[in-house]
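Please open the model in your viewer and keep the selection panel at hand. The stops below proceed from one selection to the next.

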Amino acid sequence: MDKTVASAAAAVADIPDGATLMIGGFGLCGNPENLLAALHRLGRRDLTIISNNAGTDAEGIGVMLAAGQIKKMISSYVGENSIFEARARSGELDTELLPQGTLAERIRAGGAGIPAFFTPAGVGTVVAEGKETREFDGRTYLMERWLKADFALIKGFRGDRWGNLTYRKTARNFNPVMAAAARVTIAEVEELLPPGGLDPEAIITPAVYVHRIVLGGGYRKPIERRTVRKG
Amino acid sequence: MTEQEKRIRIARRIALELRDGHFVNLGIGLPTLVANFVPAGMEVVLQSEIGMLGVGPYPLEGEEDADLINAGKETVSELPGTSYFSSAESFAMIRGGHIEMSVIGGMEVAENGDLANWIIPGKMIKGMGGAMDLVATARQLYIAMEHTTRDGKPKILHRCRLPLTGVGVVDFIVTEMGFFRVTPQGIVMEEIAREVTPEQVQAATEAKLIVAPQLRPMPGT
């Protein structure tokens, strides 16, 4: 078994116009930079993107937004992107904003075969509009449905040809949950190791969830807010 | 008082609520300042929604790591004992009631404990991020905010006018004017800053305040 694909371009080549994609990362942290760039170059359009954020004007998912490749975004926070703002206001971009924990759990549910669940987040707010509520033990909860995607583009730290993945620090974020929730999960990693190269106890995403794996390179890893202390 | 003096007073007062061994989530902005006033010798573990327990201080210059940020997308550092986990697990521990205390900013708080802090209609679209999950499920929810808007309008109201973040979720409000507890009877002023009278606080508040029988001076004022 070898899920290795030679290039990011080859790994995303069969993503069609109109596809629904999950894209890992929290802001620009933990983004699959190589896969995103390849998808942008491929020029696919009318994409539905499920991702916590929308990148910035010049980075990450923001590049595809600026190029008009995205039809709909399902996110929790999009505050650093003026292109998102402009396109959402003009109606060119359909948007669904969700509480972050609800977004994460809807994706987790999609990967775990749970069609719906109840959460207290968003009860009595605009998020609850049109959704079923139910009372459990005297408290009101909102029913939320699972989320699934045609493809997930995720970023691991190390991986092997089976598709096992580890992550690095807070670059983990949405990547492991998205890995399980797509029909085809494409992972890029900074280091590709031979089988046995990863400590089995340290593997966060087991190989079963990953369908293609690419060795990434040229990572830019932009920092959105560089904060330091004096020594 | 300058804006910064108000913010520091509020953060210092909330830090007095911390207890050794507490797991705490601090929201973006003013709440983040609370971390600067954790009493010496006390171990408080900060949780960040991005998927980290044991958030350390900002890194030294040159030690910034793009793979190590907080939910405000600021570079942070690790501590001995730090752990990392996915976004789903991060919110499972929030929703599951495992975080003792959450501190978050507020635009409006109503006397029934409703909170609005995520959107101003007509202004830039940002999104709620983790705020709705945090406020709905915090064991103790503290609102850290200035008592009035920049143009002096009350933020503690009979009913919120902005779109809500959560319904009946607020436990405590800390402003530069005092420390307030939200109760089924209404908002009780338990502490008051030394330079103001209860009448002055009420004048800056739309909701009818209940003055605690044992009204205390607010520490740090």
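Begin with the largest nonpolar core of this predicted model. Of its 39 residues, select A:Ile15, A:Leu21, A:Ile49, A:Phe84, A:Leu153 and A:Ile186, which touch the most other members. The largest share of this core, 4 residues, is contributed by helix α2 (residues 33-42) of chain A.

Next, centre the view on A:Ile186. Setting aside neighbours within four places in sequence, A:Ile186 is in contact with A:Ala11, A:Val12, A:Ile15, A:Leu35, A:Phe151, A:Ala152, A:Leu153, A:Ile154 and A:Arg212. A second, separate core comprises 26 residues, including B:Ile14, B:Ala15, B:Val76 and B:Val103.

Return to chain A and display α2(A). Which residues of α2(A) are buried? They are A:Glu33, A:Leu35, A:Leu36, A:Ala38 and A:Leu39. Just after α2(A), select A:Gly43, whose phi is positive, at about 75°.

Two further backbone positions deserve a selection. Most residues other than glycine have a negative phi. A:Lys221 counts as partly exposed because its relative accessibility is 23%, and the buried class requires a value under 20%.

Now move to B:Lys73, in the loop between β3 (52-53) and β4 (83-84) of chain B. The phi of B:Lys73 is likewise positive, near 65°. Is B:Lys73 buried or exposed? With a relative accessibility of 5%, B:Lys73 counts as buried.

Chain B and chain A bury about 4200 Å² between them, 60% of it on carbon and sulfur atoms. To display the contacts, select the 47 residues of chain B that are in contact with 54 residues of chain A.

How many salt bridges does the rule find across the interface of chain B and chain A? There are 5, and the rule also finds 27 residue pairs in polar contact, both residues being at pLDDT 80 or more.

Finally, highlight α2 (87-95) and α3 (131-137) of chain B, each of which supplies at least two residues of the side that touches chain A. Coloured by class, that side of chain B shows 22 nonpolar, 13 polar and 12 charged residues.

Conventions: Residues numbered from 1 in each chain as written. Chains lettered and ligands numbered in written order. Predicted model: local features only at pLDDT ≥ 70, side-chain atom pairs only at ≥ 80, totals over all residues. Heavy atoms only, no water. Contact = heavy atoms within 4.5 Å. Buried area = accessible area lost by both parts, 1.4 Å probe. Salt bridge = Lys/Arg side-chain N within 4 Å of Asp/Glu carboxyl O. Polar contact = N/O pair within 3.5 Å; in protein donor to acceptor, adjacent residues only side chain to side chain. Nonpolar A, V, L, I, M, F, W, Y, C, P; charged D, E, K, R; others polar. Core = buried A, V, L, I, M, F, W, Y, C linked by side-chain atoms within 4.5 Å. Buried < 20%, exposed > 50% of the residue type's maximum accessible area, 1.4 Å probe, protein only.
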